[in-house]
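Me: Please take a close look at a single residue in this model, with the surroundings it sits in. Then go on to the helices and the loops in one connected account.

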Amino acid sequence: MVKKEMIYEGKAKKVFKTDDEKVYIIQYKDDATAFNGVKKGTILGKGVINNKMSALLFKLLEEKGIPTHFIELLNDREMMVKDVKILPLEVIVRNVAAGSLAKRLGLEEGTLMKTPVLEFCYKNDDLGDPMINEYHIRAIELATDEQVEKVKEYAFKINDILVEFFKERNIKLIDFKLEFGLHDGEVILADEISPDTCRLWDADTNKKLDKDRFRRDLGDVEEAYEEVLGRLQ
Ligand code: C5P
């Protein structure tokens, strides 16, 4: 496999072509942004942790029947993935109120949801990823009804698998964001699953072990990321 030119650079990742047109390489960076790029910084070693953690969780999900873009881990910061056409949707699943949901509904952070909540946002940096519902998705043709049904089915199944997996490691999965793409016309899980995209609280102390430490200047950011990966391995 020969790594070729970079075709995309995002806030936390770079994507490279390879000599196989169906295979890409994702490289995870230490750069951190929050509030749609307004807050910028570096979390040393984050790229390595997010790469390893995503690989570990993608493997777990594949074993449990969720198709993902993951092929194999290449080195500390890079993984090989399948080509996907990303659906312009951010899919958020919430088990406990935190972040924007707590604010929007006037709930105290930590309030348990009676059932998991699924939200869609339109993946569009210029608009600040506004929240949308299935009617918007249909009306502006962001995805077909069939694709949306698949996304919802996978998202809830992923939630069940991950809640259990983190619980065994004394971590509460508060909420997380997923992105899906189309590979050979089929919906598969793409992007990453890491402390950048999940809220993870220690089950005993509720200590935040995720990007909220960076967003809210809570300190011990690197340590929290390392703590999570350490518990998963
Ligand atoms: O900010 P909010 O409470 O809506 O975030 C919900 C979840 O989605 C959090 O786990 C957050 O890390 C994740 N998220 C993300 N990327 C975004 C927005 C939210 O990973 N652009």
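Reply: **I26 and beyond**

I26 counts as buried, because 24 C-beta neighbours lie inside 10 Å of it. The cut-offs are 20 or more other C-beta atoms within 10 Å of a residue's own for buried, 12 or fewer for exposed, and partly exposed in between, with C-beta atoms placed from the backbone. The model is predicted, and local features need pLDDT of at least 70, side-chain atom pairs count only at pLDDT 80 or more, and totals for chains, interfaces and linings use all residues. Residues are numbered from 1 along each chain as its sequence is written.

I26 belongs to strand β3, residues 23-28. Strands (E, at least two residues) and helices (H or I, at least four) are DSSP runs numbered from the N terminus. Leaving out residues up to four places away in sequence, I26 touches K13, V15, E78, M79 and V81; contact here requires C-beta atoms, placed from the backbone, within 7 Å. E192 is 166 residues from I26 in sequence, yet their C-alpha atoms are 9.9 Å apart.

Next, the helices. The axes of α1 (residues 46-63) and α6 (residues 221-232) come within 10 Å and cross at roughly 30°. That makes the two helices, α1 and α6, roughly parallel (angles under 35 degrees; over 145 is roughly antiparallel, 65 to 115 roughly perpendicular, and the rest oblique). The axes are lines fitted to C-alpha atoms over the stretch in contact, with angles from 0 to 180 degrees between N-to-C directions. From α1, K46, I49, K52, M53 and L56 meet Y225, E226, V228, L229 and L232 of α6. By class, this contact of α1 with α6 has seven nonpolar, no polar and three charged residues. Nonpolar covers Ala, Val, Leu, Ile, Met, Phe, Trp, Tyr, Cys and Pro; charged covers Asp, Glu, Lys and Arg; the others, Gly among them, are polar.

Helix α4 (residues 145-167) has 23 residues and reaches 33 Å from its first C-alpha to its last, close to the expected 33 Å, which is 1.5 Å times one less than the number of residues. Its buried residues are V148, V151, Y154, A155, I158, L162 and F166.

Two loop residues remain. E141, in the loop between α3 (134-139) and α4, has phi near 55°, a positive value in a residue other than glycine. E141 counts as exposed because it has 7 C-beta neighbours inside 10 Å. D184 is in the loop between β12 (171-183) and β13 (186-190); its phi, near 50°, is also positive in a residue other than glycine. D184 is exposed, with 9 other C-beta atoms within 10 Å.

Technical notes. Contact = placed C-beta atoms within 7 Å.
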